[in-house]
Amino acid sequence: MRQKAYAQVMRVIACALMVWQVWMMWHIASYDASTVQWSCDGTGGCASDQFAAVAPFVGVLCAILLGLLSARFLHRAVPGAMVTLCAVACAAGWYDAVADGRIEYGTVTDFHLFFPVGRFSVSDWLTFLWSTAGVGCLAAWWGAAVSLRRTAALRRISRRYTTADAVLEGWRSVGRNYGEVTVVFDDTAGVRHEVPAIVERVVLRRDVLAVYDADRPDDPARTRVAIPRRKLLRLS
């Protein structure tokens, strides 16, 4: 138990450090955007020796690594959360650049996502970034809702319910992506139970858990099928 708790603490610390790294990369990318000097050849290729020119690329790599590290906590909310973090950090860089007198909201400047993508005013970039952050938030909330439903996370943290490895038998379609199955599991006393349940088709291809009321294990209304979390990266 101590080893598991230690691994979780280390994962949280790693996530916090990566959040800071992602924030700094995207903040630098916009804060120094107006100072980046690009050299372009006749074939359409552009390059710069300033770090701000590659900061978005490093920021994307850091966001991907953060997504892998935080997937244990955020589940399907990861993509939306990463997009939101990057967009807000980038917007903060623009605001700080304006506050420090580097540029003004009406200043037309290049921004660089691996190469200059166009000349727009700072206000236009901020509008785009906040719109992107809004879309990311919606995606994160949707992903979180799906994960909570599929993992039965809220029910599993209740002391009233217990989990057990389960096997699904039979399939009778009751909708486009749903069907009725029999959930077979052994309770904590070793007694086998067979409970009907409605599940999504996706669970047929995964290992599943039965989340049941310890006092009423045969009650279909109090039994749910949950998909356990996938461990993308293990620190223990």
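**First selection: helix α4**

Select residues 122-151, which form helix α4. This helix has 30 residues and spans 42 Å from its first C-alpha to its last, close to the 44 Å expected at 1.5 Å a residue; the expected span is 1.5 Å times one less than the number of residues. Helices (H or I, at least four residues) and strands (E, at least two) are DSSP runs, numbered from the N terminus.

The model is predicted: local features need pLDDT of at least 70, side-chain atom pairs count only at pLDDT 80 or more, and totals for chains, interfaces and linings use all residues. Residues are numbered from 1 along each chain as its sequence is written, and side-chain values use heavy atoms, with hydrogens and water left out.

Within α4, colour the buried positions, which are V122, W125, L126, L129, A133, G136, A140, G143, V146, S147, R150 and T151. Buried denotes under 20% relative accessible area, exposed over 50%, and partly exposed in between (1.4 Å probe, protein chains only). An α-helix has 3.6 residues a turn, so residues three or four places apart point the same way. Just after α4, A152 adopts a positive phi of about 50°.

Select residues 2-31 (α1) and 51-74 (α2). Their axes come within 8 Å and cross at roughly 155°, which makes α1 roughly antiparallel to α2. Axes are lines fitted to C-alpha atoms, for helices over the stretch in contact, and angles run from 0 to 180 degrees between N-to-C directions; those over 145 degrees count as roughly antiparallel.

Move to strand β5 (residues 161-173), where W171 is found. Is W171 buried or partly exposed? At 29% relative accessibility, W171 counts as partly exposed. Leaving aside neighbours within four places in sequence, W171 is in contact (heavy atoms within 4.5 Å) with N177, Y178, G179, E180, V181, V199, E200, R201 and L204. The C-alpha atoms of W171 and V181, 10 residues apart along the chain, are separated by 5.0 Å.

Select strand β3 (residues 108-112), which contains V108. V108 is partly exposed, with a relative accessible area of 43%. Leaving aside neighbours within four places in sequence, V108 is in contact with R119, F120 and S121.

**Final view: the whole chain**

Of its 236 residues, 39% count as buried.

Definitions and conventions: Parallel < 35°, antiparallel > 145°, perpendicular 65-115°, else oblique.
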